[in-house]
Amino acid sequence: MIGAVSLAWRNLLRNRRRSLMTLLAMLLGLMAVLLFGGYIRDITYSLQTNFVVSSGHLQIQHRDYFRLGTGNPAAYAIEDYERIIQSLQRDPTLGPMLVVTTPSLQFGAIAGNFASSVSRTVYVTGIVVDDQNRMRRWNDYGQRDLSSRNLSLSGTPVNTAIIGTGLARVLKLCGPLAVKDCEPETVSADTSGSALPSDIAALAGSVAKPAPVATDGQRPRMEILAASPRGAPNVADLRVLAAEFQGVKELDDVYVALHLAQAQKLVFGSARPRVTAIALQLQHTAQLPAARERVRELLDTTFKGEPLTVLDYEELNPFYGQTLAMFRAIFGFIAILMGAIVLFTVSNTMSMAVVERTAEIGTLRAIGLRRGGIRQIFVFEGLLLGCLGAVLGITLSLAAAALINALDLTWVPPGRIEQVPLAVRLIGEGTMLTVSAVGLIVVAALSALVPAARASRMNIVDALRHA
Amino acid sequence: MPDPSDQFPPTSPGLPPEPAKIGVRKKSLLHPIVLSRVSKTYRLDTVDVPALVAIDLVILQDRFTVISGPSGSGKTTLLNLIGCIDRPDEGRIMISGRGVHTLDDDALSDFRGRELGFIFQNFNLLPVLTAFENVEYPLTLEGVAPAKRRDRALQLLAAVGLEAHAHKRPGQLSGGQRQRVAIARALARRPRIVLADEPTANLDSKTGSEIIDLMRDMQRRHHVSFIFSSHDPKVIEAADDVVYIHDGRISSIERRLALPKEPA
């Protein structure tokens, strides 16, 4: 039986080399779009996972803390946070969704290494270490090689801290903490002018020598100075366990992590301890809308009198949304570019086919095929090319993605502190695969429309003269 | 104003005196094709070239009619107009009682498929289809059931002596065999009229004679009007009626068979 599809297929096979080249262009276009899309998808999941393991899906804060509170945490802290955490965990709707509910306290302070006479302003985060370790195990997207090791603060005394490597250098703690690029401070010798008297030169030399670092056994010491709610200075003498790179230099130069109890003692002294945020980590990101809605209900009812709000990880980390928007724009650009290439390739192929088959078009019209029938033949050829390209493109993209993933390539993305796998995620991304495949088929069919319309408008007598 | 096609005979040279009586009888049967004051002009760059000038013609049904004349005389243009693949600039064309000049493109396509069959000088078979499929294809357009299509196509291929070559593609067939397939395809939908433009021009003398005999045989067996454009003496010799055309005008009509008599 000779249907339109059968005829289209045979016509495609008629000029195999040209059909193959067209198909190849479509395959490459689809593969480029899918592989880049899969790469972006993996980055998206990786970024999301990174934020969720460190700060949860949702955070309950004082309603003005995010805008105003970082300079004065005491004024924007959450009172009675333990009662709120208990209520959240016991809530029949919210409770089953929660993996971790943990408080944290963030504030600005001054860190000093008084033995070396250096200090600088820092950003201190007080955490419940066990909770944070549990949060770090979240891996809803099955990210490969995700670091789930515990925090360095695990099982350590309350007076210990972790700092950024940049801060370690500034505080001259980089040597004892074995931080890379830790150059000893040197004084350049000024050889111009007359020589110094020997006694003054000896004195200058003694000043230029690095000061000894205060250590307690193997751990260097550091002092943190913070202001209490009433403005009184509180100082804590801490042992620095390690210096860890924080990914972004601006954060790395000011980062200090403490046990929550120590941080609360610093800010609130003997007053009732408070926190600046309660982080909620959910089992799945898909639960986020429902969980947020429920938290809002609780804040509006159970905690009606308290000035609290709930923010999700996207609101808390604008970088996430900006990164995704950038990748979406790049992806859109590539998709449009590939679509245009496919459009012109298929259109060119169809145009050549129309020219070559002019006499056949005349014959078909003469024996009774309507203009619409001629259009159908060429559009079906485009559709068939699109379907073939889609099936082969998806198959080859899946194979290429598997190959890339098997190579265990790694990279350090912006904002991360450690190598992460360079992966392409296509398995399970049904929507992306379907939309890309349908897009290719539609573009291929659209590409054939103009040549098909031209073929259908041919004058029959003129067309028959081409025989 | 009366329709010129209803006035028999139209004023044209060479028309037999009898058509006045025939016209009173079953016109659609006896006068399947009527052209009245048909003109066609082609434009070459800035010059208008008249291909046909005010043609009046009646082509009788169930005849082997040849339109003959020198190259450029307008015979192919006349055949194209009768075949409804071209439109006249002026005048009317009635085929099987329908004014085809009034039909829109889709209706004309349907009309061609239903009423007309075509045989081309270059055979014009679809190269991606087998001989069987080429014959079957017009039936597919008509929406005939697969089993009936198959029977009809095989029947026709057998009638033109090509049942053994049914599954060969045109590229695997000789010129004569291709033209036989084209004849079978032209007859597939049981048309009233088959139009053939120089059907023997690309065939050797022997094959050309065989093809003429075959068409003659098919015309008799299927009761179809065959209309040719040709200046092949063998085709003219085999014709029932010969319409001579010169410079876009009918110079004479030679009717070799007696006109049908009125039924008692």
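Hi everyone, let's start with a meeting of two helices: A4(A), V5(A), L7(A), A8(A), W9(A), N11(A) and L12(A) in α1(A) touch Q376(A), I377(A), F380(A), E381(A), L384(A), L385(A) and L388(A) in α14(A). Contact here means heavy atoms within 4.5 Å. Sorted by class, the residues of this contact are eleven nonpolar, two polar and one charged. For those classes, Ala, Val, Leu, Ile, Met, Phe, Trp, Tyr, Cys and Pro count as nonpolar, Asp, Glu, Lys and Arg as charged, and the others, Gly among them, as polar.

Before going on, a word on the source: this is a predicted model, where local features need pLDDT of at least 70 and side-chain atom pairs count only at pLDDT 80 or more, while totals for chains, interfaces and linings use all residues. Residues are numbered from 1 along each chain as its sequence is written, chains are lettered from A and ligands numbered from 1 in the order in which they are written, and side-chain values use heavy atoms, leaving out hydrogens and water.

Helices (H or I, at least four residues) and strands (E, at least two) are DSSP runs, numbered from the N terminus. How do α1(A) and α14(A) cross? Their axes come within 8 Å at an angle of roughly 70°; axes are lines fitted to C-alpha atoms, for helices over the stretch in contact, and angles run from 0 to 180 degrees between N-to-C directions. The two helices are therefore roughly perpendicular. As a guide, angles under 35 degrees count as roughly parallel, over 145 as roughly antiparallel, 65 to 115 as roughly perpendicular and the rest as oblique. The crossing of α1(A) and α14(A) is right-handed, meaning that the near helix is turned clockwise from the far one by less than a right angle.

Now follow α14(A), residues 371–406, to another partner: its axis and that of α15(A), residues 430–456, come within 7 Å and cross at roughly 155°. That angle makes α14(A) roughly antiparallel to α15(A). This contact divides into 18 nonpolar, four polar and two charged residues. Among the residues of α14(A) that take part are F378(A) and L383(A), and α15(A) brings L440(A) and I441(A), among others. The crossing of α14(A) and α15(A) is right-handed.

Is S19(A) buried or exposed? S19(A), in helix α2(A), counts as buried because its relative accessibility is 14%. Buried means under 20% relative accessible area, exposed over 50%, partly exposed in between (1.4 Å probe, protein chains only). Beyond its neighbours within four places in sequence, S19(A) contacts L12(A) and L385(A).

Over to chain B, with nine helices and ten strands. Of its 264 residues, 56% are buried. Helix α5(B), residues 131–142, is mostly covered, with ten of its twelve residues buried, including F132(B), Y137(B) and L139(B). What covers them includes α1, α13 and α14 of chain A, together with α6 and α7 of chain B. Just after α5(B), G143(B) has a positive phi of about 85°.

Last, the strands. In which order do the four strands of the open sheet in chain B run? The order is β2-β1-β4-β5, with antiparallel pairing; two strands pair if DSSP finds at least two bridges between them. The edge strands of chain B, β2 and β5, each pair on one side only. Nine bridges join β1(B) to β2(B), and R43(B) stands opposite D48(B) in β2(B).
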